[in-house]
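Thanks, everyone. I'll keep this short. Please have a look at the model on the screen.

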Amino acid sequence: MIIIFKQNSGIVGELWVAPEFMDTLTGTEEEKLIHIANKDLPTGTPYEITDADLSDRTFRNAWEYVAGSNELTSADLSADDLAKYNMTENK
Amino acid sequence: MSKLKIKGNASGTGTVTVEAPNTNTDRTITLPDSAGTLLMTDGDGSNLTGLSHTPEGTAVVSTGETGATKFLREDGDGTCSWQAAGGGADTSLSNLTATGAEKTCKAWVNFGGGDGTTAGNVYDSINISSVTANATGKYTINFTTSFGNANYCGVLSSQDGWNYDDSAVAQQSNGDTITTSTFPMWTSLSGSSPTPDDARRVHAAFFGG
């Protein structure tokens, strides 16, 4: 599964998770992906976790983000997580 | 002509025999031109002086110390002593000082850029949480643990993409902002027109504090 997210440019963004980082997290796969979305997407970014096949890259810049029923919104990391990642603020 | 004298010992009772080896070759043993006692194979050599030895690259064996973790230290006073190595050599990087850490690669990633008919994918990495694809040829690398400042060094390269002679340049655009936690970058066509283009593989390594 990957994460697709809405960008101000109108082009859909893709978030490709590093498996090595996923392996360090606990919880279900969806919980891990939500954590990564909170970490690496700006707070308040609409996104979806999907298993869509994105191998056909034709007209990539024309892909648009359309909110689906499973849409989530990225949230702030906890203070502990910010410290763990040596981050001074949320993105 | 100097003379050779063989003298017995009035106090002893044993018989000393000078014996020839089993050989068909004539031999001459020349005695040292000094007074003293010859060192035999069962002697300890404690009275010998002026010996020199270069132990570089040669195993130095201790008869009084055990354990493979000890090393020989020059003590600064012309002598040496065996020292414990404190649990053996530390082969991890966890004990690097701040200065030492800046000399090592802090993060690296090898990812597929979503090229042709292949979806994007992070193939292998260290200290990378994810890569975001923002548009054709435009990516943002997200670090697991952020750098201490944004003046770190990113070293980039890319593999040619799906079509012949396409994406071959990996660069950081001056229109994008590097932060301590994210590194935006492009892969683009070579030549005079730097049009962003997906790369088959992107390689990036990062150094800094």
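**Salt bridges and the interface**

Start with A:R57. At 7% relative accessibility, this arginine counts as buried. Buried here means under 20% relative accessible area, exposed means over 50%, and partly exposed is in between, with a 1.4 Å probe and protein chains only.

Before going on, some ground rules. This is a predicted model, where local features need pLDDT of at least 70 and side-chain atom pairs count only at pLDDT 80 or more, while totals for chains, interfaces and linings use all residues. Residues are numbered from 1 along each chain as its sequence is written, chains are lettered from A and ligands numbered from 1 in the order in which they are written, and side-chain values use heavy atoms, with hydrogens and water left out.

Back to A:R57. Which side chain does A:R57 meet in a salt bridge? The partner is A:E14, at 2.7 Å from N to O. A salt bridge means a side-chain nitrogen of Lys or Arg within 4 Å of a carboxyl oxygen of Asp or Glu. The two residues sit 43 apart, with A:R57 in the loop between β3 (46-50) and β4 (72-73) of chain A, and A:E14 in strand β2 of chain A. Helices (H or I, at least four residues) and strands (E, at least two) are DSSP runs, numbered from the N terminus. A:E14 is buried too, with a relative accessible area of 1%. Salt bridges with shared partners join A:E14, A:R57 and A:R60 into one network.

How many salt bridges does the structure hold over all chains? Five. Another is A:K91 with A:D40, where the closest N and O atoms are 3.2 Å apart. A:K91 lies in the segment after α3 (79-84) of chain A and A:D40 in helix α2 (residues 29-40) of chain A, so this pair ties together parts 51 residues apart in sequence. A:K91 is partly exposed, at 24%. A:D40 is buried, at 4%.

Then there is A:D81 with A:K84, at 3.6 Å from N to O. Both lie in helix α3 of chain A, three residues apart, about one turn of the helix. A:D81 counts as buried, at 17% relative accessibility.

Now the interface. Chain B gives 34 residues to the contact and chain A gives 28; contact means heavy atoms within 4.5 Å. Together they bury about 2,100 Å², 50% of it on carbon and sulfur atoms. That buried area is the accessible area (1.4 Å probe) that two parts lose on being put together, summed over both.

How many salt bridges cross between chain B and chain A? Zero, by the rule. Polar contacts are another matter. There are 16 residue pairs in polar contact, both residues at pLDDT 80 or more. On the chain B side, β3 (105-112), β4 (121-126), β5 (128-135) and β6 (138-143) each give two or more residues. The largest share, eight residues, comes from β5(B).

Four bridges join it to strand β2 (residues 13-17) of chain A, and the two run antiparallel. Pairing needs at least two DSSP bridges between the strands. A:E14 stands opposite B:A133 in β5(B). So where does this leave A:E14? A:E14 faces B:A133, and its side chain meets A:R57.

Last, chain B overall. Chain B has one helix and 10 strands. Of its 209 residues, 26% count as buried.

Notes. A polar contact is a pair of N or O atoms within 3.5 Å; within protein, one must be able to donate a hydrogen and the other to accept it, and residues adjacent in sequence count only if both atoms are side-chain atoms.
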